[in-house]
Amino acid sequence: MQRAFVLCAVVALSECLFHLPLEKGMTARENLEEQGLWEEYRPKYPYNPMAKFDDRLAVGIESMTNDADLAYSGIISIGTPPQTFRVIFDTGSSNLWIPSIYCSSIACINHNKFNPGNSSTFRNNGHALSIQYGTGSMTGFLGYDTVTVGGLAVKNQIIGLSQTEADFLQYMHADGILGLAYPRLAESNATPIFDNMISENLVNQDMFSFYLSSDSQQGSVLTFGGVDPNHYSGSISWIPLSHELYWQITVDSVTVNGEVVACNGGCQAIVDTGTSLIIGPQCNNINNKVGATNNSGDYMVNCNSIAQLPDVTFHINGETFTIPGSGYVRGSEANGCHTGFVNGGGNLWILGDVFIRQYYAIFSRAQNMVGLAKAR
């Protein structure tokens, strides 16, 4: 099991940064492709990334979605004595949930399940929990317990414990989700775990940051309490939030070879570690401009021509953030290479892992800003 570690400046113990290693595991899509089940799975559980950001579900329900390409997860522990779980750290939601021993769904069989009876610090909340997916749902109940994340023990943290889960979750590498968005998004008025870290004075600065490795399984890290200069180069560009619910910012435009291909006149985007791709209402314009061809909804490119693909540039707050072909193309010779741009309904854009792998992402609750710097 990967262990969290603490980095402290020489000047004072209060300057500690708390690091939690993230693992880049096999995605659900890769797992299904390996088993020859992807084409069967895909129409049965269609990818509906925008369901997560449906305002109609923002009150009383934490809206989630089926993302078969999520790769990054880390270890947390819950209870006394601790029970360990692998979770997706999701800046696009605010609740923490994991499977429970009361879940008999097929999706729970191959994941770690929390046993409240084995924790001396667990308290039942008495309220039900329902999380809606693009296809299916998770239902369960809420409770309180000690949750340890990146070496930080958060007491009386509210957690969701699943009793039923949508079938597609059986292919997910992680057991559950840990949300890092704003409290107003949380189901049942639950206090998100980072807010409890702040109120319990566990972090020196009210911020956390993500480094997502591009290639290796190891090396990705989530840092609580500040930034780690080992993971970025150059200066940090600070972008004010346009809405404090998700980590939402304004994008001025998207260009390819200097030509505006999307977001002309500005658009709203959410920086989301819980979405693997870049999603937007005009992503097909980007795919067409970089020379990708539509293959049943996947935009494919020649795996041998990735180095010749044009850059895609996001213009944000007067600065440019460029993604090369090697950054936005994924896949392999065996299963084909496809772009990381997916057309989404509505007006919102989602800057997921395809974007964050290129830019070290800092989430500041103190300033209500997102910081971006070139990832090392």
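1. A disulfide is taken here as a pair of cysteine sulfur atoms within 2.5 Å. C303 and C337 form such a disulfide, with their sulfur atoms 2.1 Å apart. The torsion about the S-S bond of C303 and C337 is about 115°, so this disulfide is right-handed. Because C303 lies in the loop between strand 20 (298-301) and strand 21 (312-316), while C337 belongs to strand 24 (residues 336-339), the pair ties together parts that are 34 residues apart in sequence; strands (E, at least two residues) are DSSP runs, numbered from the N terminus.

2. Please keep the origin of the coordinates in mind: this is a predicted model, in which local features need pLDDT of at least 70 and side-chain atom pairs count only at pLDDT 80 or more, whereas totals for chains, interfaces and linings use all residues. Residues are numbered from 1 along each chain as its sequence is written, and side-chain values use heavy atoms, with hydrogens and water left out.

3. The structure holds three disulfides. One of them joins C103 to C108, with an S to S distance of 2.0 Å, and a torsion of about 80° about the S-S bond makes the link right-handed. C103 is buried at a relative accessible area of 7%, and C108 is buried at 0%, where buried means under 20% relative accessible area (1.4 Å probe, protein chains only).

4. A disulfide also joins C263 to C267, S to S 1.8 Å; with -105° about the S-S bond, the link of C263 and C267 is left-handed, and both C263 and C267 are buried.

5. Returning to the pair in point 1, C303 counts as buried at 18% relative accessibility, and C337 is buried with a relative accessible area of 4%. C283, by contrast, is in no disulfide, and the nearest cysteine sulfur, that of C267, is 9.7 Å away.

Technical notes. Buried means under 20% relative accessible area, exposed over 50%, partly exposed in between (1.4 Å probe, protein chains only). Helices (H or I, at least four residues) and strands (E, at least two) are DSSP runs, numbered from the N terminus.
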